[in-house]
Each structure stands twice: as C-alpha cells, then as structure tokens.
Amino acid sequence: MAGIALVTGASSGIGAATAEALVDAGYQVIAAGRRVDRLAELADRVGPAMHPLRLDVGESSSAATLVDRLPPELGAVDVLINNAGHDVGGRRRFDEGDLADWEAIIDTNVLGLMRVTHAILPGMLARKRGHVVNVGSVVGRLGYAGGTAYAASKFAVRGFTESLRKDCRGTGVRVSEVAPGLVRTGFAAARWHGDADKAKAFYDGAKDGALAPEDIARVIVFVVTQPAGVTVSEIAVEPSGEPGA
C-alpha cells in the first residue's frame with residue numbers, strides 16, 4: 001500500500017478523478033465531501049480501497065471533528081488533497097453580485113481549505129511525514145473581469161501554500177500547489193445554479209479548449225509520488241488548444 005490519502009470535494013469532477021487515480025496508484029483513499037450518495041456510488045464502483053466520508057469544509061464543526069471521525073486504521077493520513085471549492089454566483093461584476101455568494105466562495109475555497117489542513121497537519125508533523133496538495137488555479141496568478149471573489153480566493157490559496165511550505169521545511173511534510181486552467185466539470189453548472197446549457201456553452205466556447213478531470217488527477221499523482229527528497233512546489237496545467245482538449 002502506498003499510504004493513506006484524503007481527498008476533499010471528492011463527489012465529482014477533479015476530486016472524484018483524483019480519488020480514483022490515487023486508488024490506482026496503491027493508496028487507501030478517504031473520499032470526503034458533502035454529497036454522500038455520490039461518494040457511496042464512487043466507492044461501490046472503485047472498490048474496497050475507497051472509503052466515503054461526509055465532510056463539509058464550510059462547516060467549522062465538520063472539519064474540527066474530521067480526525068475523530070476517521071476509522072482508526074485510516075487515521076494516519078499521509079496525503080491530503082485540498083480540492084473542495086466553488087464559484088457559485090460568479091462571472092459577474094463585483095457590485096452586481098450577491099455579497100452572500102462572494103462570502104461563500106471565500107469561506108469554502110480559503111477558510112475551508114485552512115480548516116481541513118489545520119485538522120490533518122498536526123498528525124503529519126508528529127509522524128514526520130506527509131504531503132499537503134492544494135488545488136489552486138491559474139486564476140491565482142492573473143485575475144479576470146467577473147472573477148473578483150474567485151480570483152481572490154485562489155490568490156489566497158497560492159499565498160497560503162507558499163507560506164505553509166516554508167513553515168513545514170525540514171519537518172518531513174511537503175506542501176504543493178496544483179493550479180489547473182479550465183477543466184470541464186460540473187463547476188460551471190454549479191456557478192450558474194444548475195444551468196447545464198449555459199455551462200456547456202461556456203466550455204464549448206473556450207478558445208483553447210478545456211482539460212478533463214483525469215488530466216489534473218494524473219498531475220496530482222505525479223506530484224505525490226515523487227521521492228521524499230523532492231517537492232514539486234507548484235505546477236500549472238493548461239489546455240493546449242489541440243483537438244480533443
């Protein structure tokens with residue numbers, strides 16, 4: 001067994017693809033998320049190495065009790081993939097958006113990531129081994145019109161990751177960021193409150209194409225399977241514009 005991995009936001013998209021790819025790489029995987037029915041379906045399909053767990057990173061109590069709710073045999077998490085995030089209400093000019101939407105984006109994408117890391121990191125430090133991988137975005141390097149809250153959240157993820165890496169230097173715990181470009185998932189439909197047609201048009205209209213969740217999953221597996229003396233600090237992944245992308 002390669003180790004124990006915990007993936008947040010594992011009920012769909014990049015999270016589900018990453019959880020499955022880590023199982024294929026030999027990990028026991030705790031697939032964590034809010035939609036337990038989808039997590040159960042994923043576990044049924046993948047097999048006994050997949051362990052569904054309800055986790056809402058937006059709830060302080062859910063994250064705070066995370067370690068206590070892990071099965072004893074899965075408590076020593078070796079790899080944490082902080083993937084949960086959203087942009088519900090996004091792609092609007094800041095003043096035209098709903099403040100509650102902007103707050104929810106920051107709460108999930110930034111504070112949620114910090115809550116889960118705060119729960120899992122002490123065990124890694126005590127064992128002197130572990131790897132935290134934060135799923136950021138290329139938007140964490142360059143903002144865009146209509147993306148104020150989402151870009152702010154991903155700039156924050158980048159800063160948090162870089163600083164946490166320096167906090168953990170010499171402890172045996174590695175910290176990395178994987179920053180995807182556009183990925184075709186249910187993300188856009190969620191942004192527009194379930195408008196699948198609008199989401200499809202958005203992805204279809206991308207001039208350079210869109211990545212698949214499996215593309216990002218392969219990169220994450222690459223990052224976490226490097227030798228202990230190697231840290232992939234950050235890696236950006238963008239569609240190439242080739243047919244089929």
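## Pocket, sheet and cavities

The second largest pocket is lined by A2, G3, Y27, D78, V79, R129, G130, H131, G172, R174, V224 and A228, where a pocket is an open set of points on a 1 Å grid over the protein atoms alone, with protein on both sides within 12 Å along at least five of seven lines, and lining residues have an atom within 4 Å of a point. This is a predicted model, in which local features need pLDDT of at least 70 and side-chain atom pairs count only at pLDDT 80 or more, while totals for chains, interfaces and linings use all residues. Residues are numbered from 1 along each chain as its sequence is written, and side-chain values use heavy atoms, without hydrogens and water.

An open sheet of seven strands (E runs in DSSP of at least two residues) has the order β3-β2-β1-β4-β5-β6-β7 with parallel pairing, a pair requiring at least two DSSP bridges. The edge strands, each pairing on one side only, are β3 (50-54) and β7 (234-237). Strand β6 (residues 173-180) pairs with β7 over four bridges, and A179 stands opposite A236 in β7.

A cavity is a set of points where a 1.4 Å probe fits but cannot get out, and two cavities of 30 Å³ or more are counted; a volume is the space filled by probe spheres set on the points, which are joined across faces, edges and corners.

| Cavity | Volume | Lining residues |
|---|---|---|
| Largest | about 40 Å³ | T8, V57, N82, N83, A84, T108, G112, L113, V116 |
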